[in-house]
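Subject: Structure for you to look through

Hello,

The sequence and the structure follow here. My notes on them come after.

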Amino acid sequence: LKTDHPLAVWRPTMVVDGQFTAFPRYVHILGGIGFFVAAAVFIRRFCRTLDLENWLFAVNTQLFGFASLMFDWSTVWDGGWWWWHAIRLLAYGILAVFAVMTFLKSEQQLRVLNHQLLDWNAELDGTLAERTAALKASEGQFRQLVEASPTGLLVVERSGNILLCNSEARRLFGYAPGELEGQSIENLVPTAIRAAHAELRD
């Protein structure tokens, strides 16, 4: 803000004669204490879980804590000032490395999950193909049994349509192969009792 701006009176003075004022010093001290408290929490979590992420954050918060405390012992552009900036830069660098490592780890996990899904898909496709083949084989065996029966057999679905019949049934009713399938069973029943037959079937 410009010095003549109405809000400038609320802006605390940070530097006087090349020295930091009390306000930024106290703010950094309080921040440093907060960082050390956070570090203690992360260390405690690490001791319970042995999770390296907690250890990394513990180291990182300690670095920020040391940088905040070093601020009180520095003046603008002196060696201490550069040191606490370097420590902060190191802490940010650690966070950046952690972020990249977390991203790469997530990518690796996603690739592993993707391969697992592909394997499961292939396994399901194989199982489905096997069961479909088994079902077709079973259906073929059933058709052979129906066809081999010396008695005329009809397989009728609930709606009354004929699904399957053997050659003996076609011979008895006088139909050629393929003519009975798909017709209603009532077509084979005498006209006088068709309605009653349909009611009985229902």
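**What was found**

Reading from the N terminus, the elements of the protein chain run β-β-α-α-α-β-β-α-α. That comes to five helices and four strands, where helices (H or I, at least four residues) and strands (E, at least two) are DSSP runs numbered from the N terminus. This is a predicted model, in which local features need pLDDT of at least 70 and side-chain atom pairs count only at pLDDT 80 or more, while totals for chains, interfaces and linings use all residues. Residues are numbered from 1 along each chain as its sequence is written, and side-chain values use heavy atoms, with hydrogens and water left out.

Of the 202 residues in the protein chain, 21% are buried (under 20% relative accessible area, with a 1.4 Å probe and protein chains only).

**Serine 149**

Serine 149 sits in the loop between helix 3 (79-148) and strand 3 (154-156). Is serine 149 buried or exposed? Serine 149 counts as buried because its relative accessible area is 17%. Leaving out residues up to four places away in sequence, serine 149 touches Asn166 and Glu168; contact means heavy atoms within 4.5 Å. Serine 167 is 18 residues from serine 149 along the chain, and their C-alpha atoms are 9.0 Å apart.

Regards

Terms used: Buried means under 20% relative accessible area, exposed over 50%, partly exposed in between (1.4 Å probe, protein chains only).
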